Amino acid sequence: MNTTPTTPHAMPPPVEAGGGAHVRAEGITVTRGSRRILSALSVTVSARSRIAVVGENGRGKTTLLHALAGLVEPDEGTVHRAGTIGLARQELSARDGATVGTLTSEALAASLAALAALDEATLALAAGDPAAADRYAAALDAATRLDAWDAERRVDVALAALGACSDRDRPLSTLSVGLRYRVRLACLLGAHHDVLLLDEPTNHLDAGGLDFLTRRLRAHEGGLALVSHDRALLRDVADRFLDLDPTRDGAPRLYAGGYDAWQDARRRERERWERDHEEQQAEHRRLQESAARARDRLSTGWRPDKGTGKHQRQSRAPGVVQALKRQQDALEAHRIDVPQPPPALRWPDLGVRPGAPQLRAHGVAVAGRLAAPVDLTLDGGDRLLVTGPNGAGKSTLLAVLAGALDPTEGYVRTAAGARVVRVTQETAEQDPALTAREVHARHVGRLVARGALRDTDVVPLGALGLLDSEALRTPVGRMSQGQQRRLDLALALAGRPGLVLLDEPTNHLSSALVDELTDALRATSAAVVVATHDRQLLRDLADWPRLEVGTG
């Protein structure tokens, strides 16, 4: 049964439901302009699915969820839906006149309709209508499946747990973006949908909200498809991973077995891909060199050793021609059918001596932004995890350490020759008309010009594996946030820093890259300071020394 949603949040309950609920896409293709976003993709979200849709920005994750929900009509293929579907979109506009009650009413509509149908059928039965028995059974089944009697309480519980506004009369336009998101998510979790489609549901949630979301999704009795950069949520909830990143044959991969199984299988597949590609390239180079040598022998003429007759040259010349023909035929027959693998992070050797002094901070504080004085000593190989609530001063501290902000108390001393870099929370502003290569060249040129870096120490942009060949040629203004974030990291590493300051380094990066980055941070010879709320990164770096900052 194919249906179209009446609102951006939910679809009316069809006949099929419960254990038979599902969303099934078969061979769907979605094209925008000249760009194919999804190609012949098939996936089923069944009644007990726990699927994470993963991949770099721009791979079509959001498009896929919208196609499953019926908001996007595929150019090819079909989507079949059975049961109620709840969709959490990344965007949530404040419609004119819409209130908190507008969202809660939409979330409760199916349950209230089921209860109204049950009341009508009950009255009809009491009045002796023999045809009401079937209506009563269907209405009771629908109300039971939706747990309709408890629907409003569930919404209220979710509103409270997520710290959302519960005033039904409050206009959405008067709420912050974060609060609107929380109201919308609470309504979605409070309703009783057979299938949930969630696009970045952790946006604007605090630690308590994240815990509540995780518990509710783990307890959800229906199917689930999830798009998220929150690796902790993916680890805790998903048991299958639909990876939309490039593959050897161009087709998406569905991995079973949870987060670690996905990462292990993806890594093994990538290693085989890289090995086969390199073997083909090496064989092609060998054949090219053999053909070139045969061509050289023919063009210069085969010369026999001194003392041999001229007839030997004449008799062997056809053999040289035949050898060239064989080499050319072999080169022509050799086909490179393994495509170029996408790049993987290659963290450079920063060459920092263990214990080499990098930075000293004494009594650092910033009025109104970083209250408690901070003392720090950071040397080569040191690690520090900076934590604390929003507004506690984590970003302020990193700005002071980087020399981008003067403290109102205390001082910071950087060791002679030490290079300190900072990657901020949001992508750095660049000339949108410049390509990534041009931005990198300009950045390196400035460092060399002011004597902060020697030409021989520059880390080439292509050596890092952060951007593929197409991204290197793309103007910054047309790059995705994830690509711009990769460029920020490449610029930070270009000068081989001895101290790397990272403020929420997982923002806008894919799960796969963040795992690669985490491994690199643990292994680098540089000193590293990380400020983050990322739950998985906090787990991964739990053995690092920790500095808790606060406003008091």
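## Second largest pocket

Helices and strands are taken here as DSSP runs, numbered from the N terminus. The structure is a predicted model.

Strand S2 contributes 6 residues to the lining of the second largest pocket, the most of any element. This pocket holds about 1300 Å³ of space. Its lining comprises 47 residues, and those closest to the centre are Glu-56, Arg-59, Pro-246, Asp-468 and Glu-470. Two or more lining residues come from each of strand S2 (35–45), helix H8 (259–300), helix H12 (469–472), helix H13 (481–493) and helix H14 (511–523). Sorted by class, the lining has 20 nonpolar, 14 polar and 13 charged residues.

## Aromatic pairs

Across the whole structure, 3 aromatic pairs are found. One of them joins Phe-241 and Tyr-259, with 5.8 Å from centre to centre and 85° between the planes, an edge-to-face arrangement. Because Phe-241 belongs to strand S8 (residues 240–243) and Tyr-259 to helix H8, this pair ties together parts that lie 18 residues apart in sequence. Phe-241 and Tyr-259 are both buried.

Tyr-259 also pairs with Trp-262: the ring centres are 5.3 Å apart and the planes are at 85°, so this pair too is edge-to-face. Tyr-259 and Trp-262 are 3 residues apart in helix H8, which means that about one helical turn separates them. Both of these residues, Tyr-259 and Trp-262, are buried.

## Ring cluster

Which residues do ring pairs link into a cluster? The cluster consists of Phe-241, Tyr-259 and Trp-262.

Note on methods:
Residues are numbered from 1 along each chain as its sequence is written. This is a predicted model: local features need pLDDT of at least 70, side-chain atom pairs count only at pLDDT 80 or more; totals for chains, interfaces and linings use all residues. Side-chain values use heavy atoms; hydrogens and water are left out. On a 1 Å grid over the protein atoms alone, a cavity is a set of points where a 1.4 Å probe fits but cannot get out, and a pocket is an open set with protein on both sides within 12 Å along at least five of seven lines; lining residues have an atom within 4 Å of a point. Grid points are joined across faces, edges and corners, and a volume is the space filled by probe spheres set on the points. Helices (H or I, at least four residues) and strands (E, at least two) are DSSP runs, numbered from the N terminus. Ala, Val, Leu, Ile, Met, Phe, Trp, Tyr, Cys and Pro count as nonpolar, Asp, Glu, Lys and Arg as charged, and the others, Gly among them, as polar. Rings of Phe, Tyr and Trp (its six-membered ring) pair if their centres lie within 6.5 Å; planes under 30 degrees apart count as stacked, over 60 as edge-to-face and the rest as tilted. Buried means under 20% relative accessible area, exposed over 50%, partly exposed in between (1.4 Å probe, protein chains only).
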